[in-house]
Amino acid sequence: RVYGPERIGAHVGEYAAVKGTVLSVKKGATATFLNFGPPKKGFTAVIFAKSYAGFKRRSIDPASYAGRSVEIAGEVSLYKGRPQMIVNSPDQIRPVK
């Protein structure tokens, strides 16, 4: 099933898909964060630095997802009470119209 970012938190521990617009992208020293709401609030997809090679091989810059509608599939978890999904491969992210 595919859920909106505001409803994905009800599916912690499940493999699910979330569909929405990436409002902002923040690249840190160890990870890139695709935020579907204000930073540090709401749903975030996390791409750790160890996964950057897979994106680079496909010539995908994670920052290019900013402002785009995407569908992301993976296991939903919580971090500091907020829902998140770890993205290990560009195959988990699909641009949508």
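Modeller: Strands are DSSP runs of E with at least two residues, numbered from the N terminus; in this predicted model, His11 falls in the loop between β1 (2-3) and β2 (15-21).

Colleague: Why does His11 count as buried?

Modeller: Buried means under 20% relative accessible area, and because His11 has a relative accessibility of 14%, it counts as buried. Once its neighbours within four places in sequence are left aside, His11 is in contact with Tyr3 and Val76.

Colleague: What makes Tyr3 and Val76 contacts of His11?

Modeller: Contact means heavy atoms within 4.5 Å, and Tyr3 and Val76 are the residues in contact with His11 when those within four places in sequence are set aside.

Colleague: Where is Thr44 found, and why is Thr44 called buried?

Modeller: Thr44 is found in strand β5, and since its relative accessibility is 10%, which is set against a limit of under 20%, Thr44 counts as buried. Not counting residues up to four places away in sequence, Thr44 touches Phe33, Leu34 and Asn35, and also Pro83, Gln84 and Met85.

Colleague: Which residues are the closest to the centre of the largest pocket?

Modeller: The largest pocket has a volume of about 340 Å³, and of the 13 residues that line it, Phe33, Lys40, Thr44, Tyr79 and Arg82 are the closest to its centre. Two or more residues of the lining come from each of β4 (31-35), β5 (44-48) and β7 (82-86).

Colleague: How does the lining of the largest pocket divide into nonpolar, polar and charged residues?

Modeller: The lining holds 6 nonpolar, 4 polar and 3 charged residues.

Colleague: Why is Pro95 described as partly exposed?

Modeller: The class of partly exposed lies between buried, under 20%, and exposed, over 50%; because the relative accessible area of Pro95 is 43%, Pro95 is partly exposed. Pro95 sits in strand β8 (residues 93-95), and, residues up to four places away in sequence not being counted, it touches Arg68, Ser69 and Val70. Between Pro95 and Gly37 there are 18 Å in space, C-alpha to C-alpha, and the two are 58 residues apart in sequence.

Colleague: How do you know what confidence the predictor gives to the protein, and which elements have the lowest and the highest mean pLDDT?

Modeller: On a scale from 0 to 100, the protein averages a pLDDT of 95, and 100% of the residues score at least 70. Among the elements, strand β3 (residues 24-27) has the lowest mean pLDDT, 95, while β5 has the highest, 98.

Methods. Residues are numbered from 1 along each chain as its sequence is written. This is a predicted model: local features need pLDDT of at least 70, side-chain atom pairs count only at pLDDT 80 or more; totals for chains, interfaces and linings use all residues. Side-chain values use heavy atoms; hydrogens and water are left out. On a 1 Å grid over the protein atoms alone, a cavity is a set of points where a 1.4 Å probe fits but cannot get out, and a pocket is an open set with protein on both sides within 12 Å along at least five of seven lines; lining residues have an atom within 4 Å of a point. Grid points are joined across faces, edges and corners, and a volume is the space filled by probe spheres set on the points. Helices (H or I, at least four residues) and strands (E, at least two) are DSSP runs, numbered from the N terminus. Ala, Val, Leu, Ile, Met, Phe, Trp, Tyr, Cys and Pro count as nonpolar, Asp, Glu, Lys and Arg as charged, and the others, Gly among them, as polar. Buried means under 20% relative accessible area, exposed over 50%, partly exposed in between (1.4 Å probe, protein chains only).
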